[in-house]
Amino acid sequence: MKEAQFQDKVMKYLRTTYKDYFFVWKVSERYQSGIPDIIGVYKGLMFFIELKVGSNKPTKLQEVTMEKLKGAGAVGGVAYTMEDVQSIMSKVEWEVMM
């Protein structure tokens, strides 16, 4: 599966599962390097998901950006599978409840 196909699948999942309580958008790489593929807000908490397929790994700039987002209070991570996406969103839901 290509990353664009994975991104479409993730966006469909997020829009159907969390439709009443969140806002999410895909980020275009042409604007700024290092920004995660998906950034959203769920019940007031910012989250991000960097999508990767196969053996691809985040770049150093992506890693630094994700650490900065976490330092600012966002929750997120890297997802290689739908299970990874669900795990990230479970963490988001947990943080919202706290």
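How many helices and strands does the protein have, and which residues of helix H1 are buried?

A: The model is a predicted one, and the protein in it has three helices and four strands. Along the sequence these elements follow the pattern α-β-β-β-α-β-α.

The average pLDDT of the protein is 89, and 94% of the residues score at least 70. Confidence is lowest in strand E1 (residues 22-26), where the mean is 73, and highest in strand E4 (residues 75-79), where it reaches 97.

The requested part is helix H1, which covers residues 3-17. The buried residues in H1 are Phe6, Gln7, Val10, Met11, Tyr13 and Leu14. When the helix is viewed down its axis, these buried residues fall within an arc of 160°, and therefore they line one face of H1. Lys12 and Thr16, on the other side of H1, are exposed. For this reading, a residue is called buried when its relative accessible area is under 20%, and exposed when that area is over 50%.

Gly40 lies in strand E2 (residues 38-42). Gly40 counts as buried because its relative accessibility is 0%. Leaving aside residues up to four places away in sequence, Gly40 touches Phe23, Val24, Trp25, Leu45, Met46 and Phe47. Between Gly40 and Ala79 there are 39 residues in sequence and 15 Å in space, taken from C-alpha to C-alpha.

Of its 98 residues, 40% count as buried. A compact globule with 98 residues would have a radius of gyration near 13 Å; the protein has 13 Å, so it agrees with that expectation. Along the principal axes, the C-alpha atoms fill a box of roughly 35 × 30 × 25 Å. Among the contacts between residues at least 6 apart in sequence, 51% join residues at least 24 apart. Finally, the accessible surface comes to about 6100 Å², and carbon and sulfur atoms account for 53% of it.

Methods
Residues numbered from 1 in each chain as written. Predicted model: local features only at pLDDT ≥ 70, side-chain atom pairs only at ≥ 80, totals over all residues. Heavy atoms only, no water. Helix = DSSP H or I, 4+ residues; strand = E, 2+ residues; numbered from the N terminus. Expected span 1.5 Å × (residues − 1). Buried < 20%, exposed > 50% of the residue type's maximum accessible area, 1.4 Å probe, protein only. Arc of directions from axis to C-beta. pLDDT = per-residue confidence, 0-100. Rg over C-alpha atoms; globule rule 2.2 N^0.38 Å. Contact = heavy atoms within 4.5 Å. Areas by Shrake-Rupley, 256 points an atom, 1.4 Å probe, with all protein chains shown as cover.
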